[in-house]
Structures are given as C-alpha cells and as structure tokens.
Amino acid sequence: MKIINAGFTLIELMVTIAIVGILAAVAIPNYIEYTDKAHYSEVVQAAAAYKTAVATCGLVLGTLNGCSGGQNGIPIPQGSKRVAAIDILNGTITAKGSGNSPLDSTYIMAANMTDGGVNWVISGTCKEAGLC
C-alpha cells in the first residue's frame with residue numbers, strides 16, 4: 001500500500017494560524033505603542049531645546065520670573081509637524097503634541113532654582129500616556 005502525502009493536514013494548518021494570531025495579538029499593540037513614543041519624541045526634543053536658554057536666563061537674573069519666550073535671550077518658541085505649540089512662561093516650558101490621542105498630550109518641564117543651578121521637574125499628561 002502506497003500513501004501519497006498531498007499537503008498539510010488540517011491540524012497543522014490550524015496550529016500555524018493559531019501561532020500567527022497570537023503573535024499578531026502581541027505584536028500589533030506593541031508596534032502602535034512604539035510608533036507613538038517615536039512620534040512623541042519630537043515634542044520632547046523640541047521642548048528640551050529651550051532648557052539651556054531658560055537655565056541661563058535664571059542664572060543671570062537670579063530668578064525665573066521674566067524667563068519667558070521672547071524675553072531675556074529666550075527665543076520665541078516655534079511649533080512643527082508633530083508639535084502643536086510650545087509656551088515658555090517664567091521658567092516653565094509647556095509643549096503640546098499634535099495628532100490623535102494620545103499624541104495630543106502635554107509635556108511640561110518646570111525649572112526650579114537651587115543653590116548650584118537649575119533643577120527640572122517633568123510632568124504633564126504624557127506621563128499617564130507613557131510617552132515621556
């Protein structure tokens with residue numbers, strides 16, 4: 001008796017489809033989270049570009065009052081494709097992302113004067129979203 005193997009059995013196909021389904025169920029949410037973080041990094045980097053100017057202003061003036069956008073050597077903030085707006089007011093840098101949720105989160109860096117310089121405190125809705 002001669003048996004001819006004509007292809008895959010139903011069980012083999014079902015196992016393969018199950019494995020692909022499990023991988024897709026894990027990979028797709030992780031990929032979406034990864035791309036959101038990558039897109040939001042533009043907001044974080046755009047806000048971080050103003051840290052040096054704010055710190056210098058605070059050290060020169062001795063206070064953060066007056067360290068706002070367009071004053072005391074701090075440039076006027078500009079938005080970009082993924083940055084809806086950046087605002088600098090008395091040493092606090094607030095950046096808002098553009099796009100659908102969660103990319104429209106806010107990123108806030110608040111400067112605090114210390115004896116040795118300036119410390120930064122990070123807050124905003126991006127922390128709850130896991131983007132910053």
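Is Cys126 buried or exposed, and what is its relative accessible area? Cys126 is buried, at a relative accessible area of 0%; buried means under 20%, exposed over 50%, and partly exposed in between, using a 1.4 Å probe and protein chains only.

This is a predicted model, so local features need pLDDT of at least 70 and side-chain atom pairs count only at pLDDT 80 or more, while totals for chains, interfaces and linings use all residues. Residues are numbered from 1 along each chain as its sequence is written, and side-chain values use heavy atoms, leaving out hydrogens and water.

**View 1. The disulfide of Cys126 and Cys132.** Here the sulfur atoms sit 1.9 Å apart; a disulfide is a pair of cysteine sulfur atoms within 2.5 Å. The S-S torsion is about 80°, so this disulfide is right-handed. Cys132 counts as partly exposed, at 37% relative accessibility.

**View 2. The disulfide of Cys57 and Cys67.** The S to S distance is 2.2 Å, and the torsion about the bond is about -95°, so this one is left-handed. Cys57 lies in helix H2 (residues 51–61) and Cys67 in the loop between H2 and E1, 10 residues apart. Helices (H or I, at least four residues) and strands (E, at least two) are DSSP runs, numbered from the N terminus. Both cysteines are buried.

View 3. Lys96 is the bridge partner of Ala85, and Thr106 in E3 is the bridge partner of Lys96.

Technical notes: Two strands pair if DSSP finds at least two bridges between them.
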